[in-house]
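Subject: Handing over the structure

Hi,

Here is the structure I promised to pass on.

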Amino acid sequence: MMPSVLTFVRLMLLTAAWCALWGEVSFANLLSGFVVSLIVNLSGNKLLPNESINLFEMFRFLRLVFIDLIVSTFEVIKTILKGNKREDEAIIAVKLLPENQTHLYIIVLVVTLTPGTAVVDLDSKGSTIYLHLLDKSQAQSVKEHVYELADTARKAFPDSKESVKGVAA
């Protein structure tokens, strides 16, 4: 049986990651990285339930996360310099559609990068993320941004045809 293109790409990416972790590309690192990648591939562990990735949406998702990281850094600097009143803060609940654990945890990880937020709790059964906001006037825009992140994650790593938008929080 011929390996799929996705399997080949995964082997190359894992081998490249192995070399990056060791900090150099050498014959020994390429060989050992390839062996480790092969073991990971043959172990039968799938990265996603249906092994599909939408590359356009994945790059869109990564772009959103990267922008959030940069904006978040400047927001925190601004908050530290100007000072923050405790009465400006809030905790909000953002309810998403019931999602598989992979999407929910990816969303929780990247939402932490959303400017002025921190995840304080997660109800995985109810698919609700509780966020601490430094500025409560941003509550609606933060919710919309979380929905956009969740919708993009679901498109990038498809598992369900449902859209996250349209769920009232």
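Below is what I found in it, starting with the overall layout.

Keep in mind that this is a predicted model, where local features need pLDDT of at least 70, side-chain atom pairs count only at pLDDT 80 or more, and totals for chains, interfaces and linings use all residues. Residues are numbered from 1 along each chain as its sequence is written, and side-chain values use heavy atoms, with hydrogens and water left out.

The protein has five helices and three strands (DSSP runs numbered from the N terminus: H or I of at least four residues for helices, E of at least two for strands). Along the sequence they come in the pattern α-α-α-β-α-β-β-α. Of its 169 residues, 32% are buried (under 20% relative accessible area; exposed is over 50%, partly exposed in between, with a 1.4 Å probe and protein chains only).

Now the sheet. It is open, with three antiparallel strands in the order E1-E3-E2 (two strands pair if DSSP finds at least two bridges between them). E1 and E2 (117–123) are at the edges with a single partner strand each, so one side of each has no neighbour in the sheet. E2 and E3 are joined by six bridges, and Thr-117 sits opposite Leu-133 in E3. Helix H5 lies across E1, E2 and E3, at about 35 degrees to E1 (axes are lines fitted to C-alpha atoms, for helices over the stretch in contact, and angles run from 0 to 180 degrees between N-to-C directions).

What about the largest nonpolar core, and how many residues does it have? It has 24 (buried Ala, Val, Leu, Ile, Met, Phe, Trp, Tyr and Cys residues joined through side-chain atoms within 4.5 Å). H5 gives the largest share of this core, eight residues. Leu-131 is among the residues with the most contacts inside the core; residues it touches include Ile-92, Val-120 and Val-146, leaving aside those up to four places away in sequence (contact means heavy atoms within 4.5 Å).

Last, have a look at helix H2 (residues 27–42). Its buried residues are Asn-29, Gly-33, Ser-37 and Asn-41. Helix H1 (5–22) is part of what covers them. The face turned away carries the exposed Phe-27, Ala-28, Ile-39 and Leu-42.

Cheers
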